[in-house]
Amino acid sequence: MKTGIIVYITGEASFSDDYNLSRLTEQLSLDADRVEIISHDTGHFDVSDAWYNLTVNGMQRIVCKMAEFTGLGEIRLTGRELRLCG
């Protein structure tokens, strides 16, 4: 079963110019076939948009994880997650 993860990032900080999805996936230790990002300035518009994109790309198990920008501008997972399907 293919797994997709949506990372919903809260906070007002922005990604740096050298934003790299594969590096972010590694930094957050996300084990998924595909990862989609939602933030105020990068990635998808909302959860349903990211969920649709994962679904049409063959993901059967989809989980949405909450993350936040820290004071240092890094991203950390909050531990809150919601299983959307699968």
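**Questions on a predicted chain**

Me: Does Cys85 count as buried, exposed or partly exposed?
Reply: This model is predicted. In it, Cys85 has 23% relative accessibility. Buried means under 20%, and exposed means over 50%. The value for Cys85 is 23%, so this residue counts as partly exposed.

Me: Is Cys64 buried or exposed?
Reply: The cut-off for buried is under 20% relative accessible area. Cys64 has 8% relative accessibility, so it counts as buried.

Me: In what order do the elements of the chain run from the N terminus?
Reply: Start with the parts. The chain has two helices and four strands. Read from the N terminus, their order is β-α-β-α-β-β.

Me: What radius of gyration does the chain have, and what would a compact globule have?
Reply: The chain has 86 residues. For that number, a compact globule would have a radius near 12 Å. The chain agrees with this, because its own radius of gyration is 12 Å.

Me: What share of the chain's residues count as buried?
Reply: A buried residue has under 20% relative accessible area. Thr3 is one example, at 13%. Of the 86 residues, the buried share is 33%.

Me: Where is Thr3 found, and which residues does it touch?
Reply: Thr3 is found in strand β1, residues 3-10. Leave out residues up to four places away in sequence. Thr3 then touches Asp31, Ala32, Asp33, Arg34, Met59 and Arg61.

Me: What share of the contacts with a separation of 6 or more comes from residues 24 or more positions apart?
Reply: Contact means heavy atoms within 4.5 Å. Count the contacts in the chain with a separation of 6 or more. Residues 24 or more positions apart account for 60%.

Me: How far apart are the C-alpha atoms of His40 and Glu12?
Reply: His40 lies in the loop between β2 (34-38) and α2 (47-56). It sits 28 residues from Glu12 along the chain. Their C-alpha atoms are separated by 7.5 Å.

Me: What is the phi of Ser29?
Reply: Ser29 lies in the loop between α1 (21-27) and β2. At 62% relative accessibility, it counts as exposed. It is not a glycine, yet its phi is positive, at about 55°.

Me: How far apart are the centres of the positive and negative side chains?
Reply: The chain has 8 positive side chains and 13 negative ones.

Terms used
Residues are numbered from 1 along each chain as its sequence is written. This is a predicted model: local features need pLDDT of at least 70, side-chain atom pairs count only at pLDDT 80 or more; totals for chains, interfaces and linings use all residues. Side-chain values use heavy atoms; hydrogens and water are left out. The radius of gyration is taken over C-alpha atoms; the globule rule is 2.2 Å times the number of residues to the power 0.38. Buried means under 20% relative accessible area, exposed over 50%, partly exposed in between (1.4 Å probe, protein chains only). Lys and Arg count as positive and Asp and Glu as negative; His and the chain ends are not counted. The place of a charge is taken as NZ of Lys, CZ of Arg, CG of Asp or CD of Glu.
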